[in-house]
Amino acid sequence: MSALRFSSRFNPMLSNTILVQTKSLLFSFSSFSSSVRKPCKTLCCSTNSLLHTNGGTSNSSPLSGLEDELVGYIFGKKKATEVAHLVWRHVLHKGDIVIDATCGNGYDTVAMLKMVADESGHGRVYGIDIQTEALENTSSLLDETVTQKEVLLVFFSTLSSLSYIYSLFNLHWDSINSLFAFRLVAFNLGYLPGGDKGIITTSKTTLLALEASKKMLILGGLISLVVYVGHPGGREELETVEAFASGLCVDGWICCKFQMLNRPLAPVLVFIFKR
């Protein structure tokens with residue numbers, strides 16, 4: 001996974017929290033709101049508008065139609081990464097261009113590829129990781145699970161984070177924007193499973209990467225994050241992600257978080273959907 005870090009601590013305000021308690025789990029769904037100093041409304045979603053609107057399902061949310069899957073997550077029957085992949089399927093189309101910002105061992109890359117690959121060859125997956133080991137693992141998994149034609153739709157980079165892409169876009173935004181339309185940017189924040197636990201994603205460049213993703217994403221696109229918090233710096237990184245999402249305007253974004261309350265080391269799901 002890309003190594004990313006920031007030392008400042010944030011204390012975003014959270015509102016509209018649902019607590020669901022089962023025999024073994026306590027689950028929290030929260031929407032984000034941000035500081036009153038923002039000039040526009042910044043409540044990015046509410047629990048009612050996210051899943052149900054006036055008794056019906058909201059079509060403006062990437063979570064519409066996923067109620068059964070989310071219930072499975074609430075009751076501990078689905079992993080956070082499984083829910084993320086299910087949400088992606090409701091957002092992505094064949095031929096889309098997507099970014100796996102933290103390739104890791106390649107499971108997200110493969111999932112994305114299967115969702116966007118088509119006969120036209122227009123779909124693209126850009127895989128980023130600073131660790132050569134991660135890119136090698138991802139490449140091996142691709143060779144084992146997809147066709148050679150599909151493998152050609154994946155492009156790797158050892159950039160340390162999307163902040164470098166952000167710099168490139170600032171220099172050449174007009175020409176690049178006419179060629180690329182990213183519908184999904186996905187992050188697994190933490191360390192490479194089975195790798196060096198000393199190499200972790202960090203708050204500073206995670207924030208830069210999120211700023212980059214916000215600019216590159218098309219309307220109807222999604223920033224998806226699975227934030228692992230059981231390692232040093234993990235909680236701080238989650239706070240950075242929460243603060244970023246809290247600052248997005250309600251008119252343009254839907255932002256939500258899913259978290260197990262009585263499993264403090266469980267990964268936290270964050271979805272940031274561009275209206």
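Q: How many helices and strands does the protein chain have?
A: The protein chain of this predicted model has 9 helices and 9 strands.

Q: And how much of the chain is buried?
A: Of its 275 residues, 52% count as buried. The accessible surface is about 12,600 Å², and carbon and sulfur atoms account for 54% of that.

Q: What about contacts between residues at least 6 apart in sequence, what share join residues at least 24 apart?
A: That share is 72% in the protein chain.

Q: Which strands pair with S7?
A: Strand S6 (residues 182–189) runs parallel to S7, with 7 bridges joining them. Strand S9 (residues 268–274) is antiparallel to S7, over 6 bridges.

Q: What unit do S6, helix H8 and S7 make?
A: They form a right-handed β-α-β unit, with H8 spanning residues 203–216.

Q: Switching to salt bridges. How many in the whole structure?
A: A search finds 4. One of them joins Arg183 and Asp96, with the closest N and O atoms 2.7 Å apart.

Q: Which parts does that pair tie together?
A: Arg183 is in strand S6 and Asp96 is in the loop between helix H3 (80–91) and strand S3 (97–100), so the pair links parts 87 residues apart in sequence.

Q: Are those two buried or exposed?
A: Arg183 is buried at 15% relative accessible area, and Asp96 is buried at 9%.

Q: What about Glu211 and Lys214?
A: Their side chains form a salt bridge at 3.2 Å, N to O. The two are 3 residues apart in helix H8, about one helical turn. Glu211 is partly exposed at 27%, and Lys214 is partly exposed at 28%.

Q: Which residue does Lys257 bridge to?
A: Lys257 pairs with Glu242, the closest N and O atoms being 2.7 Å apart. Lys257 lies in strand S8 (residues 253–260) and Glu242 in helix H9, so the pair ties together parts 15 residues apart in sequence. Lys257 is buried at 3%, as is Glu242 at 7%.

Q: How covered is H9 itself?
A: Mostly: 11 of its 13 residues are buried, including Leu238, Val241 and Phe244.

Terms used:
Residues are numbered from 1 along each chain as its sequence is written. This is a predicted model: local features need pLDDT of at least 70, side-chain atom pairs count only at pLDDT 80 or more; totals for chains, interfaces and linings use all residues. Side-chain values use heavy atoms; hydrogens and water are left out. Buried means under 20% relative accessible area, exposed over 50%, partly exposed in between (1.4 Å probe, protein chains only). Helices (H or I, at least four residues) and strands (E, at least two) are DSSP runs, numbered from the N terminus. Contact means heavy atoms within 4.5 Å. Accessible areas come from the Shrake-Rupley method with a 1.4 Å probe; for residues, only the protein chains shown count as cover. Two strands pair if DSSP finds at least two bridges between them. A crossover is right-handed if, with the strands pointing away from the viewer, the path from the first strand over the helix to the second runs clockwise.
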